[in-house]
Amino acid sequence: MAMDIEIRYFAAARAAAGISVERVNPASLSMILKEVTANNAQLAHVIEQCSILVDSVAVNDMDMPVHAGSFIDVLPRFAGG
């Protein structure tokens, strides 16, 4: 199966991931995040504090399925106004 979900990391998440974008296979959001943080404790710590958007919509249900063609944005807290 082709990897066809794009994860976009911003600010501190980008720094922790060491990349700005990666592609993963469709799965539940929790499984996707578990996969991308499996070998990166720093990214796992940052993601715990981030807002997660799927197709530009904030998500609270980590068990939701993420389908092919979707985008996941990992947005750390931002300071300032």
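A residue counts as buried under 20% relative accessible area, exposed over 50%, and partly exposed in between (1.4 Å probe, protein chains only). Welcome to this predicted model, in which local features need pLDDT of at least 70, side-chain atom pairs count only at pLDDT 80 or more, and totals for chains, interfaces and linings use all residues. Residues are numbered from 1 along each chain as its sequence is written, and side-chain values use heavy atoms, leaving out hydrogens and water.

**Salt bridges**

- With a salt bridge taken as a side-chain nitrogen of Lys or Arg within 4 Å of a carboxyl oxygen of Asp or Glu, the count comes to 2.
- One of them joins E6 and R23, whose closest N and O atoms are 3.1 Å apart.
- E6 sits in strand β1 (residues 5-9) and R23 in strand β2 (residues 21-24), 17 residues apart; strands are DSSP runs of E, at least two residues, and helices are runs of H or I, at least four, numbered from the N terminus.
- R23 is partly exposed at 46% relative accessibility, while E6 is buried at 15%.
- R8 also forms a salt bridge, with D73, and here the closest N and O atoms are 2.6 Å apart.
- R8 lies in strand β1 and D73 in strand β7 (residues 71-75), so this pair ties together parts 65 residues apart in sequence.
- D73 is buried, at 8% relative accessible area, and R8 is partly exposed, at 25%.

**Helix contact**

- Helix α2 (residues 29-37) and helix α3 (residues 41-48) have axes that come within 8 Å and cross at roughly 145°; axes are lines fitted to C-alpha atoms over the stretch in contact, with angles from 0 to 180 degrees between N-to-C directions.
- L33, V36 and T37 of α2 meet A41, L43, A44 and I47 of α3, where contact means heavy atoms within 4.5 Å.
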